[in-house]
Amino acid sequence: MSVRIRFVLTLTLVVSIILIGSLLSVYFLYDRNRKHDFAKRLWAHGYTEFANYYGIKDAGKATLEKLNYYLPATPINFHLALLDSNYRVIKTEPADWNYAADTSLLQSVKTKKRIDFSEGSLQGIILFINKQGKKGYVIASAYDKYSVARLSSLRLIIFVVAAAGIIITGLFAFYYVLVATRPLVALSLQMRHITENNLKLRVKVGKGNVKSNEIVQIATNFNNMLDRLEKAFQLQKNFVHHASHELRTPLATMLSQTESALRKDLTVKDAYKVLESLKEDQQEMIDLTNSLLLLSQYENINYSIHWPKVRIDELVQDVIVTAKKIFPDINVCFDFAETPEKESYLYFPGNETLLRSAVRNLIKNAYLYSSDKNVKVIMEALSNAVYIHVENKGAVLSTEDHDRMFLPFFRGDNAQNVKGFGLGLSIVRRIAELHKGSIMYEIIDGNVNRFTLLAKR
Amino acid sequence: MNKKTVTRSGKNINLTAKEFALLVLLCRNTGKVISKQVILEKVWELSFDTGTNTIEVYISFLRNKIDKPFDVKLIHTKPGFGYYVREAPLS
């Protein structure tokens, strides 16, 4: 069942129950009131007959008022029987009414004083009156024609009002739901048309305030989600594109080398040279695939507060020692920005291997892109975060490259003479994000590149 | 990074690898002033230049652990020269 129909039915049902319930209670309350009034009238006539017969004069002020109120106009089809305390019929009205006393019933009236009954359209009462030493029974019944007629017209009114109320509620609910869901239906139609092939499409955001209008909210959120999806798709496409491009270059070189070698009669020395060159290209491909693998592996690692605590300054120092072995002419200066207030500031939960890889990449980059092979590492340990600044002098990156350089395969203008694939910084960024940290780039004094790895505690 | 433990007056003190190497160097040469140059050579394998403040930072860590909880201070500075370990400072 659609939300619309469910809404219409539920609202109509609730309104119907309330409407019918209140109308029925009006009806029954009215009917009870009517019966009560009519019984009073019968009592007034019965009492008057009794008082007349026994000659009771002073009935009391309250009784007189009641009699004056209820007595006027004899009810339609009025029957009355007056009996003495021995159940003997003294008088009936009409006079030819042959009333047969039911003694057991009359006996029970003696204790209750009054019994109400109804017989077909007739309503009646049986009274036991004990006044000024006179005892007797009065049975009175009649047809409350006008009130019963009013009751039946009330029934009709109630039926019409209830039916009209329910129909109006249903129509209104249906109309309201139609109007209210129209933008949603339109939105869903538009959404249906957006597929992976036309991710550039966006749904129309209707007029209204984003904060107060839910439909506008949905449309805006959906569009924002599409933005992110499109970006992710684009990144992935670029990644595959670049990866295949990078793999193709060494493969093409290897192929052309092999082909030209096959065409010639090679001496052992020449063949050795060709193989050496091939080996170099193969090594390059292995490096590339390793980096790609590393990048994809990091996708599956998640931050954990239970990671062992890493002592970051000693990790950085270890990396520097290894870097010195790989690049013998590197000159690294390691400094603390200031003595950490507490030694514990240098510890945070981390994956040691990944952090080493991140720092190694930063130092390697700083070395490769420096003009003087000098690298400066500055450690800053604060209560809430650890900063590792890696600086080098050399060509700085243009403003538009600042964000792009962390994308896989991006290579700046300064990278023309440096071997590489443009994966290092994207690996560093992944590792930083894994540690709830980040990697930042800034230019100091116009010619110093500073990369900052930030890890929050 | 392997943790090392040393004991002073029956109390265990945890040191990092570098702190431990620094302490061992100073203790092997008790009473002798060790220059920053030598410390860098032996503890940090001369990976970075002598302008660094790393040694000061590590000496302060060591002092916090080795000397701070005790009355007798063992690690001393000879300004302009270096550091040494001795029960009492050289006069």
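**Two chains and their contact in a predicted model**

Q: How many salt bridges are counted between chain A and chain B?
A: In this predicted model, a salt bridge needs a side-chain nitrogen of Lys or Arg within 4 Å of a carboxyl oxygen of Asp or Glu. The side chains of B:Lys65 and A:Glu343 meet in this way, at 2.9 Å from N to O. Between chain A and chain B, the count of salt bridges is three.

Q: Which element of chain A gives the most residues to the side that touches chain B?
A: Strand S6 (309-311), helix H7 (312-326) and strand S7 (331-336) of chain A each supply at least two residues of the side that touches chain B. With eight residues, the element that gives the most to this side of chain A is H7(A).

Q: What area is buried between chain A and chain B?
A: The contact takes 22 residues from chain A and 21 residues from chain B, and eleven residue pairs, both at pLDDT 80 or more, are in polar contact between the two chains. Carbon and sulfur atoms give 52% of the area buried there, and that area is about 1,800 Å².

Q: Why do the buried residues of helix H2 in chain B lie on the same side of H2(B)?
A: In helix H2 (residues 36-43) of chain B, the residues B:Ile39, B:Leu40 and B:Val43 are buried. They are on the same side of H2(B) because the arc that they cover around the axis is only 100°.

Q: Which elements of chain B do the buried residues of H2(B) pack against?
A: The residues in question are B:Ile39, B:Leu40 and B:Val43, which are buried in H2(B). Their packing partners, all within chain B, are helix H1 (17-28), strand S3 (34-35), helix H3 (54-67) and strand S5 (82-85).

Q: Is A:Thr12 buried or exposed?
A: A:Thr12 has its place in helix H1 (residues 3-54) of chain A, and, leaving aside residues up to four places away in sequence, A:Thr12 touches A:Ile166, A:Thr169 and A:Gly170. A residue is called buried when its relative accessible area is under 20%. The relative accessibility of A:Thr12 is 14%, and therefore A:Thr12 counts as buried.

Q: What percentage of the residues in chain A is buried?
A: Chain A holds ten helices and twelve strands, and residues 24 or more positions apart account for 64% of its contacts with a separation of 6 or more. Among the 457 residues of chain A, the buried ones make up 38%.

Terms used. Residues numbered from 1 in each chain as written. Chains lettered and ligands numbered in written order. Predicted model: local features only at pLDDT ≥ 70, side-chain atom pairs only at ≥ 80, totals over all residues. Heavy atoms only, no water. Helix = DSSP H or I, 4+ residues; strand = E, 2+ residues; numbered from the N terminus. Buried < 20%, exposed > 50% of the residue type's maximum accessible area, 1.4 Å probe, protein only. Contact = heavy atoms within 4.5 Å. Arc of directions from axis to C-beta. Buried area = accessible area lost by both parts, 1.4 Å probe. Polar contact = N/O pair within 3.5 Å; in protein donor to acceptor, adjacent residues only side chain to side chain.
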